[in-house]
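Subject: Structure handover

Hi there,

Here is the structure I promised to pass on to you. Please open it alongside this email, and my notes follow below.

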Amino acid sequence: MTRQPDPLDWLETERRQPGGSRVEFRQQLDDIDRHLVAAGAAVAERVLPATHAFLEADQHAADQVIASSREVDARCEQLEEACYIVLARQSPVAGDLRHIVGVLRSTADVQRSSYLLTHIARSLRWVHPPSMSEELRTTIQQFGTVTSEIFTSAVQAWRTHDALTATELSRRDDEADRLQKYLLTEIYTGRQSVEEAVSLALLARYYERIADHGVAIARQVTYFVTGDVAPHAGEATGGAP
């Protein structure tokens, strides 16, 4: 079978021939963008499967979510290395420098979000979600849907270099915060066992952080394209910070 070219094959060329001819700088930036989008999409596409695996107590599906994180981790490590090589060899300035810095920051957000998804999948070790109330299960499903939509929109923002997405997602993140508060409130009702209460608290945190990482990725697009830092939700709407 013919090996498909890796979008960062030039990385190995740069290592082996530091003084030789180079791939055009713009092509390198395009390749880095594509690699980031691919890693981000791999995470965005796993949010709903991870949620479904948790709610249905599907250990096989949960194990698949956990296993797929290794590929994302490898992508992110390679992408980070590529960014450092570009910084060292090309000495980018102005918008190009912001571009590379934005990719590096977003790569960290993608990698951390992937780790958080594995934590959701591993939560099955302590609880049996099918035994939870229908209302609680519906809320968790909604949390997964909102988080998936936020992260997917953030990845699309990098794909299209849309500097306006960050403001929209900062407002959408308020919905994720409300769902987190609802789950945390449920802990104090006393209707859950200790294991379920702890699991719900952690689950709420995992989803909330993934949504926050999605917003952070979109904010990096705004920074890279405009040079400005997109305001947080409270700053954008005049509410509390």
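**What I found**

His161 counts as partly exposed, at 29% relative accessibility; buried means under 20% relative accessible area, exposed over 50%, and partly exposed in between, with a 1.4 Å probe and protein chains only. His161 lies in the loop between H5 and H6. Its phi is positive, about 55°, although His161 is not a glycine.

A word on where this comes from: it is a predicted model, in which local features need pLDDT of at least 70 and side-chain atom pairs count only at pLDDT 80 or more, while totals for chains, interfaces and linings use all residues. Residues are numbered from 1 along each chain as its sequence is written, and side-chain values use heavy atoms, with hydrogens and water left out.

**The chain as a whole**

The chain has 8 helices and 0 strands. These elements are DSSP runs numbered from the N terminus, with helices being H or I of at least four residues and strands being E of at least two. Of the 241 residues, 47% count as buried. Take the contacts between residues at least 6 apart in sequence: 83% of them join residues at least 24 apart. Contact here means heavy atoms within 4.5 Å.

**Helix H5 and its partners**

H5 has 27 residues and spans 39 Å from its first C-alpha to its last, close to the 39 Å expected at 1.5 Å a residue. That expected span is 1.5 Å times one less than the number of residues.

How does H5 (residues 134–160) pack with H7 (residues 194–226)? The angle is about 20° and the axes are 8 Å apart, which makes H5 roughly parallel to H7. For the terms, axes are lines fitted to C-alpha atoms, for helices over the stretch in contact, and angles run from 0 to 180 degrees between N-to-C directions. Angles under 35 degrees count as roughly parallel, over 145 as roughly antiparallel, 65 to 115 as roughly perpendicular and the rest as oblique. By class, the contact of H5 with H7 has 19 nonpolar, 5 polar and 1 charged residues. Ala, Val, Leu, Ile, Met, Phe, Trp, Tyr, Cys and Pro count as nonpolar, Asp, Glu, Lys and Arg as charged, and the others, Gly among them, as polar.

With H6 (residues 165–187), H5 packs at about 160°, the axes being 10 Å apart, so H5 is roughly antiparallel to H6. Residues of H5 in this contact include Phe143, Val146 and Ile150, and those of H6 include Leu169, Leu179 and Leu183. By class, the contact of H5 with H6 has 12 nonpolar, 5 polar and 6 charged residues.

**Some residues to look at**

Ala57 sits in the loop between H2 (25–55) and H3 (59–90), and has a positive phi of about 55° although it is not a glycine. At 26% relative accessibility, Ala57 is partly exposed. The C-alpha atoms of Ala57 and His128 are separated by 6.4 Å, although the two residues are 71 apart along the chain. His128 belongs to the loop between H4 (94–122) and H5, and is partly exposed with a relative accessible area of 47%.

Leaving aside neighbours within four places in sequence, Ser199 is in contact with Phe54, Ser123 and Val127.

Best wishes
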